[in-house]
Amino acid sequence: MNTPVKVDRAQRFLALIEAPGTLEELCQRVIDGETPFQVCQAWEVTYSRVMAWILADASRWEAYERALKLRADGLVAEAVPIIDEAKETTESVALGRARV
């Protein structure tokens, strides 16, 4: 990567971390299903710099961890009905076979 591109990314990163609401936006996008890597790509900033910025402050890290937990809870909530439906289908097939 050439120097002007690196400088441009560094400037975008600095502007991003100085802007109010950056952490909140990142967390919301993670909750909504994007990975931090995808968010960084959309912002055209380096993932490792953003993660280092999050890790450098305990409150930012806690907010990020909460976002990950909420995303995990959402995935579980989506998966449970699918699993329940699959179990019902499997049990119905098994009962049908037992009747035959």
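Threonine 22 lies in helix H2 (residues 22-31), where helices are DSSP runs of H or I with at least four residues, numbered from the N terminus. The model is predicted, so local features need pLDDT of at least 70 and side-chain atom pairs count only at pLDDT 80 or more, while totals for chains, interfaces and linings use all residues. Residues are numbered from 1 along each chain as its sequence is written, and side-chain values use heavy atoms, with hydrogens and water left out.

**Threonine 22**

- Threonine 22 counts as buried because its relative accessibility is 6%; buried means under 20% relative accessible area, exposed means over 50%, and partly exposed lies in between (1.4 Å probe, protein chains only).
- The side chain of threonine 22 reaches the backbone oxygen of leucine 16 at 2.4 Å.
- Leaving aside residues up to four places away in sequence, threonine 22 touches Leu16, Trp43 and Trp53; contact means heavy atoms within 4.5 Å.

**Helices H3 and H4**

- Two packed helices are described by the angle between their axes and the distance between the axes.
- Helix H3 (residues 36-43) packs with helix H4 (residues 47-55) at an angle of about 115°, and their axes are 9 Å apart.
- These axes are lines fitted to C-alpha atoms over the stretch in contact, and angles run from 0 to 180 degrees between N-to-C directions.
- On the H3 side, Pro36, Phe37 and Cys40 meet Tyr47, Val50 and Met51 of H4.
- By class, this contact of H3 with H4 has six nonpolar, no polar and no charged residues; Ala, Val, Leu, Ile, Met, Phe, Trp, Tyr, Cys and Pro count as nonpolar, Asp, Glu, Lys and Arg as charged, and the others, Gly among them, as polar.

**Aromatic pairs**

- The structure holds two aromatic pairs; rings of Phe, Tyr and Trp (its six-membered ring) pair if their centres lie within 6.5 Å, and planes under 30 degrees apart count as stacked, over 60 as edge-to-face and the rest as tilted.
- Phenylalanine 37 and tyrosine 47 form an edge-to-face pair, because their ring planes stand at 65°, with the centres 5.8 Å apart.
- This pair links distant parts of the chain, with phenylalanine 37 in helix H3 and tyrosine 47 in helix H4, 10 residues apart.
- Phenylalanine 37 is partly exposed at 45% relative accessible area, and tyrosine 47 is partly exposed at 34%.
- Tryptophan 61 and tyrosine 64 form a tilted pair, with 5.5 Å from centre to centre and 45° between the planes.
- Both tryptophan 61 and tyrosine 64 lie in helix H5 (residues 58-99), three residues apart, about one turn of the helix.
- Tryptophan 61 is partly exposed at 28% relative accessible area, whereas tyrosine 64 is buried at 6%.

Terms used: Helix = DSSP H or I, 4+ residues; strand = E, 2+ residues; numbered from the N terminus. Polar contact = N/O pair within 3.5 Å; in protein donor to acceptor, adjacent residues only side chain to side chain.
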